Amino acid sequence: MKFDINKIRSQFPILHQQVNGKPLVYFDNAATSQKPQVVIDAEVKYYSEINANIHRGVHHLSQVATDAYEESRIKIQKHINAKNSFEVLFTSGTTFGINLVANGFGQILKQGDEVIVSHLEHHSNIVPWQFACERSGATLKVIPMLQNGSLDMEAYQNLLTENTKIVAVNHISNALGVVNPVKFIIEKAHQVGAAVLIDGAQATPHLKPDVQELDCDFYVFSGHKIGGPTGTGILYGKEAWLNKLPPYQGGGEMIKEVTFEKTTYACLPHKFEAGTPNIAGGIVLGVAIDYLNEIGFDNIAAYEQELLDYGMQQLSKLEGIEFYGTTAEKASVISFNFKGIHPYDVGAIIDKLGIAVRTGHHCAQPIMNYFDIPGTIRASFAFYNTKEEIDAMIEALKKAQMMLQ
Amino acid sequence: MTIKEIQEEIVDEFAMFDDWMQRYEYIIELGKSLPLIEDQYKVEENLIRGCQSKVWLHAEKNDNKIVFTADSDAILTKGIIAILIRTFSDQKAVDVMNADTSFIDEIGLKEHLSPTRANGLVSMLKQIKLYAIALQAN
């Protein structure tokens, strides 16, 4: 399929508005993505035509809703190349998925065991592991970061011991856009018998993960960052691990048999899907994934690389600019500051010019502490953005610099 | 001047500006001219933690008046504090406690009151009032 940017932009109604009297330039895609019309329509269609509770009723609508929900699960299974559809669990997002796994490990880990995270993690891939360690007496170890924002792989290998039980790292860093060598990380962890959880929240908007090829034990991501609804997400787990982990929440649907003496749990995936799920969200997430696959991830990656290169080239011309995360392999995310200027001031001014970027610590304070900065300005591009929008951002940044000097 | 008179003066000043840029430039100017806070007061205890920028606010009693000094690492934020200090510093604690703060809306800074800006205009106002209550009680 030919990549037609004008056609793509016409499919995103939110992009065609003015903010503070200027055309909206939405460069906060790493925080959440915008939704194409097919996704919005699917949400309306669900509530207009399909809505019923799933896996319970014998009536027609319940059957239709159940089928749609389970078809979506299979769609997502194929998308990430999971071996079985029951290894694909619907969640409310990446944070929930990590908490589910970390909570389970908190009950399995013992004193003396070790958990490894990296310096590049979002708080949501740090704090749940701190809980798990506090609860179990295990120790949290951190893979250090190098000046260019990459992880120190030599140090990582030295951290791995037979005490390492799980390694939890992101596929792509949210604050810097750096792509981590997850395949290598997984391989090395498996050599000492440790499991690996990959936080794919920032990777899935840009690439199609192959969980079997990666051989990761868990892979988590959010629906709202890939054109799907908020409050949706996926936790992939290898069958053996999902059987081993204790259930996270108790309730309906996750049980096999309940008496007041003892409850036995349902089989996968229902063991981890207590209560009525976000049915509409789960179904529409499948629609969002179809939409992305129709455009094609190769097309998306190539176009976003073009935007990244152009953005870097134009930004580099600005005086006093400093970049964070300068590895060769990067997602279309640029984190930067201007010497002597607080990122908040820049963000507040360019917002007035219609430019939406994120400023702050991006929920990754350890990274900011490493660089000894209060935060950064983060421009994150999606496949529906354009070079003209980058030009508009550059003009806005120049104005901000002028005002703040 | 009373708090109310100062607020009216500030509202008048901001009414002269045609657009946001002039308004922001003025705030930046105010930020730059804010008297420096003494280093001994730029400490953890005086920090009002917002989401994005740091704000230090110190208060002390001078006769029966309350005197504020402050600083921030972001210049827009510093300008906003300068406006607050001009309004509330050197006033009686009881007047600070009871002061109306709706002039913030009138000078077009309402957006800074939203929780996402959590940059602290709300926290700053709250802290100023808390200081006033504490110093009033002493």
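Two residues are in contact if their C-beta atoms, placed from the backbone, lie within 7 Å. The model is predicted: local features need pLDDT of at least 70 and side-chain atom pairs count only at pLDDT 80 or more, while totals for chains, interfaces and linings use all residues. Residues are numbered from 1 along each chain as its sequence is written, and chains are lettered from A in the order in which they are written.

**Exercise 1. Describe the side of chain B that touches chain A.**

Step 1. Count the residues: 14 of chain B are in contact with twelve of chain A.

Step 2. Assign them to elements, where helices (H or I, at least four residues) and strands (E, at least two) are DSSP runs numbered from the N terminus. Helix H2 (20–33) and helix H3 (75–88) of chain B each supply at least two residues of this side. H2(B) gives the most, four residues.

Step 3. Sort by type, taking Ala, Val, Leu, Ile, Met, Phe, Trp, Tyr, Cys and Pro as nonpolar, Asp, Glu, Lys and Arg as charged, and the others, Gly among them, as polar. The side of chain B that touches chain A has seven nonpolar, four polar and three charged residues.

**Exercise 2. Describe the two domains of chain A and the domain 1 side of their contact.**

Step 1. Domain 1 of chain A covers 5–31 + 296–404 and domain 2 covers 41–293; such bounds come from an automatic or database domain assignment. Their centres, taken over C-alpha atoms, are separated by 28 Å.

Step 2. The contact takes 26 residues from domain 1 of chain A and 24 residues from domain 2 of chain A.

Step 3. On the domain 1 side, helix H11 (297–316), strand S14 (333–338) and helix H13 (365–371) of chain A each supply at least two residues. H11(A) has the largest share, four residues. By type, this side divides into 14 nonpolar, eight polar and four charged residues.

**Exercise 3. Determine the order of the four-strand sheet in chain B and its edges.**

Step 1. Two strands pair if DSSP finds at least two bridges between them. The order in the open sheet of chain B is S1-S2-S3-S4, with antiparallel pairing.

Step 2. Strand S1 (47–49) and strand S4 (91–92) of chain B each have a single partner strand, so one side of each lacks a neighbour in the sheet.

Step 3. Strand S3 (residues 65–72) of chain B is joined to S4(B) by two bridges. Lys65(B) has Lys92(B) of S4(B) as its bridge partner.
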